[in-house]
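Please open the structure in your viewer and keep the selection tool at hand.

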Amino acid sequence: MHGGVSSVSAMALVTRTDRRPSLVSLAWRSTVGKKAVMAVSGLIMLLYLVGHLVGNLNMFFGPDEMNGYAHWLRTIGEPFLKHSWFVWIVRFGLVAVVVAHGVSAYQLSRRDIRARPVKYAHQRQRASYATRTMRWGGVILALFIVWHLLDLTTHTVNPRGEAGHPYENVLATFSTWYGNVIYIVAMLAVGLHIRHGFWSAAQTLGANRPGRDRILKGTANGLALVLTAGFLSIPIGVMTGVVS
Amino acid sequence: MNLHLRVWRQQGPDADGAMAAYDVSGISPDMSFLEMLDTLNEELAGRGEEPVAFDHDCREGICGACGMVINGQAHGPERTTACQLHMRHFADGDTIDVEPWRAAAFPVVKDLVVDRSAFDRIIGSGGYVSVPTGSAPEAHATPVPKAAADTAFENAECIGCGACVAACPNGSAMLFTSAKVVHLNSLPQGAPEREERVLSMVGQMDAEGFGGCTNTGECATACPKGIPLPSIAAMNREYLRAVRKGR
């Protein structure tokens, strides 16, 4: 090492009498802990996306199937839960997870930018496209979520917007050019985000090991591809008339 | 070989710096990058100009003293230290940009010299085992599984040069810290302080103002000693384990 060690605190030889703040708050304040929050919240959102995709592929089976599926979602847990409670629990959970993901991303990014105050004069391409676009991709996805909720949950911007008829509402969205453009851009962004994010989450949670790196990267690519292609199949189905 | 250099010149820690252009001639392809800078410095000294300050020591690639960003890459285009980088990897007439490590935690001292004592403080916070030292212990007194010994050796190769920090877009010291944590936490001798070590070293790393890890992998690509990226995953595992255990 360079020069002498300035202050060696004898860590095990001294009996610690003071109680430190709780480890959870220590972890939240550390970069490693905050990344773990990002990883877990990201994986929960990924799990939700898989369920969201499988359910929404009901679009290909006609209005009765799709609308019936949407209705069934609201009956989950009955009679233990009342009507729509399940949907609301998921919604609150997702909001909490999105906020946790966004807040940690914002705080970590601020820190990362501060840690490199002077840029290199000789710039060169670094890392993969998916890796470099995580921050802006995340912002795009956050904006898309707002649009998506205004469109198909609150029906504020939906051209048709009839509650209980998601099949017809989705058709209406994908019958407009802007509805298609926004959705396709967002789905490409989500694919890129998952491509880096899934592997990154595994690394952050310590699941990666020397022999497992390729499997994890392959899984990330597979998940990204399946989810992007799956979600894109719906507007493409509408555009091509397969879904009408 | 004749080369055009653009070198970061900065009088002192608080002075403003800028890239300065120099032409050097008569460079042998067998010279190391540092010998090429020595040649430039002799010329500068001969003209009565201030030589370019840079860190160096063993010039064998094992001490970690040298380090500069060459054409945007830490230690230059080859996976080695700047002292072991030979001029044959450049072409006659090339323009080469030479800059110091850039990180908030590594302030520039002068020209290409940066203050890396933040690394020393990370080591001081837990990069050791607390054992009474005396004569060398009997080799078989503490059995070490082969796999653990291999992991420890691989990570112990870190020379603390700081290329990982320089290469990381976030100026993060995760690869350095993880090499030290994984090295000691893999061994039975390091086991008693396993949790305390990872918590302290990550805490010190954050306190020094290094950025966080975004898993770009730039650090492991730049590392002259080949510390693997999964070492960061291993440190994350150790950290989360320590938090779960509540120590």
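**Stop 1: chain B as a whole**

Select chain B, which has 8 helices and 7 strands; helices (H or I, at least four residues) and strands (E, at least two) are DSSP runs, numbered from the N terminus. This is a predicted model, in which local features need pLDDT of at least 70 and side-chain atom pairs count only at pLDDT 80 or more, whereas totals for chains, interfaces and linings use all residues. Residues are numbered from 1 along each chain as its sequence is written, chains are lettered from A and ligands numbered from 1 in the order in which they are written, and side-chain values use heavy atoms, with hydrogens and water left out.

Along the principal axes, the C-alpha atoms of chain B fill a box of roughly 60 × 35 × 35 Å. Of its 247 residues, 55% count as buried, a term that means under 20% relative accessible area, with exposed over 50% and partly exposed in between (1.4 Å probe, protein chains only). Contact means heavy atoms within 4.5 Å. Among contacts in chain B between residues at least 6 apart in sequence, 69% join residues at least 24 apart.

**Stop 2: the two domains of chain B**

Colour residues 3–109 of chain B as domain 1, and residues 116–132 + 141–245 as domain 2. These bounds come from an automatic or database domain assignment. The centres of domain 1 and domain 2 of chain B, taken over C-alpha atoms, are 28 Å apart. To their contact, domain 1 of chain B gives 19 residues and domain 2 of chain B gives 21.

Between them, the two domains of chain B bury about 1,400 Å², 59% of it on carbon and sulfur atoms. Buried area is the accessible area (1.4 Å probe) that two parts lose on being put together, summed over both. Which residues of domain 1 of chain B lose the most area to domain 2 of chain B? Select B:Arg79, B:Ala105 and B:Phe106, which together account for 41% of what that side buries.

The domains of chain B have 1 salt bridge between them, that is, a side-chain nitrogen of Lys or Arg within 4 Å of a carboxyl oxygen of Asp or Glu. Next, display the side chains of B:Arg116 and B:Asp55, which meet in a salt bridge at 3.3 Å, N to O.

**Stop 3: chain A against chain B**

Show both chains. Here 51 residues of chain A are in contact with 63 residues of chain B, and the chains bury about 4,600 Å² between them, 55% of it on carbon and sulfur atoms. The interface has 2 salt bridges. Select B:Asp206 and A:Arg111 to see their side chains meet in a salt bridge at 3.8 Å, N to O. On the side of chain A that touches chain B, the elements giving two or more residues are α1 (23–29), α2 (31–56), α4 (85–114) and α8 (177–204) of chain A.

**Stop 4: A:Asn158**

Finally, centre on A:Asn158, in the loop between α6 (134–152) and α7 (166–173) of chain A. Is A:Asn158 buried or exposed? A:Asn158 is buried, because its relative accessible area is 7%. Its side chain reaches the backbone nitrogen of A:Arg160 at 2.8 Å and the backbone oxygen of A:Asn169 at 3.2 Å. Not counting residues up to four places away in sequence, A:Asn158 touches A:Leu150, A:Asp151, A:Leu152, A:Asn169, A:Ala172 and A:Thr173.

Methods:
A polar contact is a pair of N or O atoms within 3.5 Å; within protein, one must be able to donate a hydrogen and the other to accept it, and residues adjacent in sequence count only if both atoms are side-chain atoms.
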